[in-house]
Amino acid sequence: QVHLVESGGGMVQPGGSLRLSCAASGSIIFYNMGWYRQEPGKQRELVARITSIGITNYVDSAKGRFTISRDNAKNTVYLQMNSLKPEDTAVYYCNAERSGYSQSYWGQGTQVTVSS
């Protein structure tokens with residue numbers, strides 16, 4: 001069982017930056033990691049993903065503004081969010097998927113609010 005603890009959410013003004021952190025209970029070296037977000041009444045969407053070997057991809061709206069990274073030595077995944085827009089407002093969730101397995105693990109979510 002993988003436990004994920006998220007931090008770094010909060011309220012920022014448009015154009016500001018936040019860095020989200022996702023700390024795992026153990027080694028993540030064999031896991032593909034991702035950040036998802038969900039607004040009330042909407043489907044949860046994939047924002048950014050980084051595979052166990054460091055391959056990344058992003059939702060189009062995040063490209064050029066968000067960067068996902070991982071520090072396997074710290075069992076932690078990050079999402080650096082720059083040039084934030086009001087439409088980025090959502091609850092952001094960390095996800096872990098073991099390579100070659102179907103089970104997904106989720107963090108508790110952290111609120112990101114972009115507002116002036």
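Guide: Let us start with a charge and a ring. In this predicted model, Arg44 lies over the face of Tyr93, 3.8 Å from the ring centre.

Visitor: What makes Arg44 count as sitting over the ring of Trp106?

Guide: The charged end of Arg44 is 4.7 Å from the centre of that ring. The cut-off is within 6 Å of the ring centre and within 35 degrees of the ring normal. Arg44 is therefore listed over Trp106.

Visitor: Why is the pair of Tyr36 and Trp106 called edge-to-face?

Guide: Their planes stand at 65 degrees, and over 60 counts as edge-to-face. The ring centres are 4.9 Å apart, and pairing needs them within 6.5 Å. The whole structure has one aromatic pair. Tyr36 is in strand S4 and Trp106 in strand S10, 70 residues apart.

Visitor: Is Tyr36 buried or exposed, and how do you know?

Guide: Tyr36 has a relative accessible area of 17%. Buried means under 20%, so Tyr36 is buried. Trp106 has 35%, which falls between 20% and 50%, so Trp106 is partly exposed.

Visitor: What makes the link between Cys22 and Cys94 a disulfide?

Guide: The S to S distance is 2.0 Å, and the cut-off is within 2.5 Å, so the pair qualifies. The structure holds one disulfide. Cys22 lies in strand S3 and Cys94 in strand S9, 72 residues apart. The link is left-handed, with -80 degrees about the S-S bond.

Visitor: Why is Cys94 called buried?

Guide: Cys94 has 0% relative accessibility, and buried means under 20%. Cys22, at 1%, is buried because the cut-off is under 20%.

Terms used:
Residues numbered from 1 in each chain as written. Predicted model: local features only at pLDDT ≥ 70, side-chain atom pairs only at ≥ 80, totals over all residues. Heavy atoms only, no water. Helix = DSSP H or I, 4+ residues; strand = E, 2+ residues; numbered from the N terminus. Buried < 20%, exposed > 50% of the residue type's maximum accessible area, 1.4 Å probe, protein only. Phe/Tyr/Trp six-rings, centres within 6.5 Å; stacked < 30°, edge-to-face > 60°.
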